Number of protein chains: 2
Amino acid sequence: MRNNLPALLDVLRVQFADRVLSSNAAREQHGSGESHLPAAWPDAVVMAHTTQEVSDVLRACTKHHVPVIPFGAGSSLEGQIHAPHGGISIDMSAMDKVISVHDADMDCTVQCGVTRQALNEHLRATGLFFPVDLGAHASLGGMAATRASGTTTVRYGSMRDLVLGLTVVMPDGEIIRTGSRARKSSAGYDLTRLFVGSEGTLGIITELSLRLFGIPEATQTAMCSFNSIEDATETVVMALQCGLALNRIELADTLQMQATNRYSHTALPECPTIWVEMTGSPATVENDMATFEGLAETARQIDRATTADDATRIWRVRHDALYAARALRPGIKGISTDVCVPISQLPACVSAIQEVIATTSIQAPLVGHVGDGNFHLVLLYDPESETEVREARHINSSLVEMAIEMGGTCTGEHGVGLGKKPYLQAEHGPALGVMARIKKAIDPDNIMNPGKIFDL
Amino acid sequence: MRNNLPALLDVLRVQFADRVLSSNAAREQHGSGESHLPAAWPDAVVMAHTTQEVSDVLRACTKHHVPVIPFGAGSSLEGQIHAPHGGISIDMSAMDKVISVHDADMDCTVQCGVTRQALNEHLRATGLFFPVDLGAHASLGGMAATRASGTTTVRYGSMRDLVLGLTVVMPDGEIIRTGSRARKSSAGYDLTRLFVGSEGTLGIITELSLRLFGIPEATQTAMCSFNSIEDATETVVMALQCGLALNRIELADTLQMQATNRYSHTALPECPTIWVEMTGSPATVENDMATFEGLAETARQIDRATTADDATRIWRVRHDALYAARALRPGIKGISTDVCVPISQLPACVSAIQEVIATTSIQAPLVGHVGDGNFHLVLLYDPESETEVREARHINSSLVEMAIEMGGTCTGEHGVGLGKKPYLQAEHGPALGVMARIKKAIDPDNIMNPGKIFDL
């Protein structure tokens, strides 16, 4: 396959000239990302500027049987941008135009390289915003490709729910448009949802039409400490059943709160903690936060923000959680892994994995989007220590097995990439074979991000 | 293909005995439904009781190369249950068990034949409900298969959004499970969303896990009359941008209101009218309805319900809209067609189609889920009159062409079946070819509901 590479590079250099990069620096940058996995460099990088250029690269790569790996902002966590079979990384970070914003329809169309931060900056004057927020400085194309979500998913849904339509370049270079700007449709197969979460294995997303929302008028924030994850979860379940105007509801465990106090020089209760944000009209948030406080009978302490500065202080603690976690062991980056379970199973899942962690030498603070049953562990291990590597892998695989056993999924929002691939058979059973048939029908030569999601 | 039918029927009769029906009455019932299209009978009907039985039927049909048409409640409007190539209709109305309800997780798992009404009856004691509501007495399996939605989609989403996972029988009889009970997942291709809306052309849905919601504490209802569709739509756009607690927001045009006054002996203003329902806490609905009344500056009249009976009276007018429409021309059933456009295009789309209607002899009252940009026309034509048939078809195709031209879709919620098939190429372009490749990969012998969505 890679024997065709020199001929392909000749073709690409004619069209793209110095936008074909083959320096070690460029290859390294495009073959490692934020993942804990060992780097796997592409053979070269092409900086694409238009959908037509992406089409041209794919047509050439198909002709030469060379793999293609789409690259957005490089923030993926499970090796989605790695090039284990070499090939061409297509960098789409320069495709960063907001193409159109339709205020009345509350939607917009953007190029894939626009980041969520850049989009919200662009929207500032409209009173509208795009709600999916995650920890990373990610591109919207990459967020769609990995079916990303975040703290506001409990209110607005994930990329699955908020993409109206896509422009996608198929492996043979054909450009298709999925969906429309209509809010709903029953006209044929839902190709939009098929490409969302397909991690570049079926085609490359170059444009997205996205739903937007009005910025709520008012916000109320509180932080609540509980004696146990069970107590915290039960309160969250009641809040969800009552349909309170929750915008965010986030969880941290005792170890994470210890890490936070050390990192932020705070004296917060070192016990399971949730952050709550209500948004809506002033009447709604006032009413619903009061209802929440009434429901939170088992809370040890509720700290409700009375000023905007106060709310910022409360949320900064949550935003800094990953830095605080890593500071438990300076110089160690760790694995950030995630699973998602039915919320009723969350306390059992957390307590079972904490028992596993206790049999190892690894520290693993926990944070989570508790309203969705989704949580993350940061496994702080030294990649130079064989024992710790083995222990970290054991924790990760135990966590995934428990989550699947409890009716959940091996990843709520980070995606499969290379890291979660070993678990898909256990999670999906024969449905994985159906996914593979779709992959083979759409990408028969397996040039689209090969080795991701499954091995064929 | 149908030469194999006698041998297949012999096999099925051994297993299913008198649950194989081949009387004309059974075939007629299963080959016409609620559609305006001429009936197309299956050769026989099998009454299935379990997923395994559905698997057995599919395995036998694949072996004998005989088509299979899934049948839920027979309420589809575009010929989805018709058997234009003959074959076996699998009737799943007896698969009507609610398998499990998880209060804390706010989800349930049901067999495909459970109707939405039966599910909500079953849930009564839990304080939870399933929100997708449509005009028909439909099965949840059929609603998933056609990607149904309804009046509350503006708040809760459609079947696309509310199905967590499915049990599906594949053409060769293999039983797969898509999704899990986790609220979100990034673990591989979204097969759930692929089967939702596939109208039985890829496999048969036998079980569904569905999201549930808490019944809101309070409700406020109002009916507002406007001078024009533009004024009504502008008010709706503002309400959406403000994020008001809209549960339903429905539109009727002048002709529909005239039909209503005649049918219901009311004296409502005969002009474009919207129904608004707010749900949430008492504080929220009071606040948000007041906000809405402030936004509706252009309303000629606002009739806000002050009692529950009052609200029932207001909604009865909307619920009876179809009967009122048909009563304009007694004995005539008409075509109920639907399209969906970006809401900003709705006034232009309505006024353009009304101009087309004015050039014909057809009456076509309009109702719509205006918050989604989705509307329905009931085309009251006499199927015995060649002129009226031609005019009705002309209106329907003009409507679809306009909707696609305006960035919308040929069907917001009724599905493709046989009726909307001619428009998919115009709507999807080359993406339709990708759908066909998926169909061929999953159902290579084209036995699953052949002739629906596309001809291969």
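Biologist: In β14(B), which residue is the bridge partner of Glu250(B)?
Modeller: In this predicted model, Glu250(B) has Trp275(B) in β14(B) as its bridge partner.

Biologist: And what are the two strands doing there, in which sense do β13 and β14 of chain B pair, and over how many bridges?
Modeller: Strand β13, residues 246-252 of chain B, and strand β14, residues 273-280 of chain B, pair in the antiparallel sense, and six bridges join them.

Biologist: What is the order of the strands in the open sheet of chain B?
Modeller: The open sheet has seven strands, and in chain B their order runs β15-β12-β14-β13-β17-β18-β16, with antiparallel pairing. From one strand to the next, the twist averages 20°.

Biologist: Which strands stand at the edges?
Modeller: Those are β15 (301-304) and β16 (335-340) of chain B; each has a single partner strand, so one side of each is left without a neighbour in the sheet.

Biologist: Switching to chain A, at what angle do α1 and α3 pack?
Modeller: Helix α1 (residues 5-16) and helix α3 (residues 51-64) of chain A pack at about 160°, and their axes are 10 Å apart. Since angles over 145 degrees count as roughly antiparallel, that makes α1(A) roughly antiparallel to α3(A).

Biologist: Is that crossing left-handed or right-handed?
Modeller: The crossing of α1(A) and α3(A) is right-handed.

Biologist: Which residues meet there?
Modeller: From α1(A), Ala7(A), Leu8(A), Val11(A), Leu12(A) and Gln15(A) meet Asp56(A), Val57(A), Ala60(A), Cys61(A) and His64(A) of α3(A).

Note on methods:
Residues are numbered from 1 along each chain as its sequence is written. Chains are lettered from A and ligands numbered from 1 in the order in which they are written. This is a predicted model: local features need pLDDT of at least 70, side-chain atom pairs count only at pLDDT 80 or more; totals for chains, interfaces and linings use all residues. Axes are lines fitted to C-alpha atoms, for helices over the stretch in contact, and angles run from 0 to 180 degrees between N-to-C directions. Helices (H or I, at least four residues) and strands (E, at least two) are DSSP runs, numbered from the N terminus. Angles under 35 degrees count as roughly parallel, over 145 as roughly antiparallel, 65 to 115 as roughly perpendicular and the rest as oblique. A crossing is left-handed if the near helix is turned anticlockwise from the far one by less than a right angle, and right-handed if clockwise. Two residues are in contact if their C-beta atoms, placed from the backbone, lie within 7 Å. Two strands pair if DSSP finds at least two bridges between them.
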